[in-house]
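Reader: Hi! I'm new to this one. Could you show it to me and talk me through the aromatic rings?

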Amino acid sequence: MNTVWAWSVFGGILLRYLVYRTGRGQRPMFTEHLEGMTVVARQVLRWNRLRVANPAQCPQEHPVVFAGNHVGLDDPNFIWPAIYYSSNKNVVTGFMMRDDFFKGFPWNISPFNLDDLSEMCGAVRISRESVQWSQLKPFLKILEGPGSFLMFPGRTRSRSGLTMEYRDGIEEPGGASFFAVHAQRRMKRPVPAVPVARTTHPVTKHCAVAFGPPMYIDDHADRTALREFDQQLAVRISDLVEIHVPHVVCAMVYLHCLQKGDVPLERSALTQNVKSVIGSVQNHFVDPNAVTQTEAEVLQCLHWLRRRNMLRLNGSTIAPNTEAILSAPELDTKYRKLNPVKFHANQILHFTDLIARIEEII
C-alpha cells in the first residue's frame with residue numbers, strides 16, 4: 001500500500017506539472033513530498049546499489065556545503081540519499097547544476113522541461129562560466145535557511161577518470177570556501193564544507209559514497225587562504241575514492257602494456273597479484289567484495305574488458321590489446337568508452353602508495 005500511495009503522489013505531481021506547463025497553477029515540487037518520493041526514487045534509481053562508507057562523518061544538521069567529485073550525470077541521485085539517510089533524514093540537500101545542460105535536441109521536443117524537473121528535485125542552476133552575483137545569492141539563502149546544498153568543485157564531469165580535470169578554462173577548484181565564509185559571516189555560526197565522493201563499480205554498477213571530516217575556514221581568511229582551503233578540499237575529496245578490483249586490474253594491465261607491450265599475462269598470476277595489492281592497502285577505502293570475492297571479481301572484470309575489446313582471453317592466458325590500452329583519447333564524453341582501462345586506472349592514480357605497490361609487483 002505504501003508503494004501504491006507513493007506512486008499515486010508521484011503521478012499527481014506530474015499531472016500538476018503538466019497543468020503548470022499550460023500556464024495555470026504553480027509548479028509543484030518533488031521535495032515537498034519526501035516520504036512518497038523517496039519510495040519512488042528507491043525503486044526507479046535502484047538505491048539498493050548504494051553503500052555508504054564513513055556515514056558517521058555526515059553532519060546531522062544544517063547548514064552544510066557538501067563538495068563532491070563528479071563522475072556521472074546521476075551523481076546527485078546517489079549522493080543525495082547517502083546524505084539524507086546518514087543524517088537520519090535531518091539533512092535534505094539541494095544541488096548546484098549548470099544552467100545550459102538541457103539545451104537543444106532532444107530536450108527541446110520533450111513534453112517535460114528538464115530544467116523544471118531538475119529544480120523540482122532540488123537543483124539550483126548556475127552558469128559554469130561568467131557567474132553572476134544573482135546566481136550566487138540563492139545558495140547563500142539556502143545556507144541561511146538554514147539548509148544545505150551539494151556542489152562539484154571540479155565544475156564538470158571527469159572525462160578521463162581523474163578526480164578533477166582542469167580544462168576548458170578551468171584552472172582551479174570551484175569556491176566552496178566562498179559560500180562557507182559568506183554564510184557564516186551572516187549567520188554568526190560556523191558553516192562546514194564536507195568532502196564526499198562517489199565511486200561506481202563499472203561491472204556490477206554498485207556504488208559507494210564516502211564522507212570525509214568536515215572542514216572549516218576562518219571568517220577573516222584572505223584570498224590566499226580561501227584558495228588553499230579549496231585546493232585542500234579537492235585533495236580530501238580525492239582521498240575518498242573507494243578502491244575496487246577493476247581499479248587494480250586496469251592499473252596492472254595498463255602498466256604491463258606500458259612496460260612489456262604485447263606479452264601475454266597469466267590469469268592466475270594476475271589474480272594473485274590483485275589479492276596481494278588489495279591485502280596491502282592501508283588508509284584507503286576498499287570495496288568489501290575486493291577482499292572477500294577477489295577471484296570472482298577479477299574474472300568478471302576480465303570478461304567486462306574483453307567485451308570492450310581491451311583484451312582477449314585464451315584459456316588461462318590474457319592477451320592485451322596494447323594499442324587500445326595505451327591510447328590517449330581526447331577529453332570528450334567517449335573517453336570512458338574508448339579506453340576504459342586508462343579511465344579506471346586514472347581514478348586511483350593519485351594514491352601513490354597503491355601505485356608504488358602495483359609497480360613493485362609488475
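Author: Happy to. Rings of Phe, Tyr and Trp (its six-membered ring) pair if their centres lie within 6.5 Å; planes under 30 degrees apart count as stacked, over 60 as edge-to-face and the rest as tilted. One aromatic cluster here is formed by Trp133, Phe139, Phe149, Phe178 and Phe179. This is a predicted model, where local features need pLDDT of at least 70 and side-chain atom pairs 80 or more, while totals for chains, interfaces and linings use all residues. Residues are numbered from 1 along each chain as its sequence is written, and side-chain values use heavy atoms, leaving out hydrogens and water.

Reader: Nice! How many aromatic pairs does the structure hold?

Author: There are 13 aromatic pairs. In one of them, Trp47 and Tyr85 sit edge-to-face, 6.2 Å centre to centre with 80 degrees between the planes.

Reader: Where do Trp47 and Tyr85 lie?

Author: Trp47 is in the loop between α2 (34-44) and β1 (50-53) and Tyr85 is in helix α3 (residues 75-86), so their pair ties together parts 38 residues apart in sequence. Helices (H or I, at least four residues) and strands (E, at least two) are DSSP runs, numbered from the N terminus.

Reader: And is Trp47 buried or exposed?

Author: Trp47 counts as buried, at 6% relative accessibility. Buried means under 20% relative accessible area, exposed over 50%, and partly exposed in between (1.4 Å probe, protein chains only). Tyr85, at 30%, counts as partly exposed.
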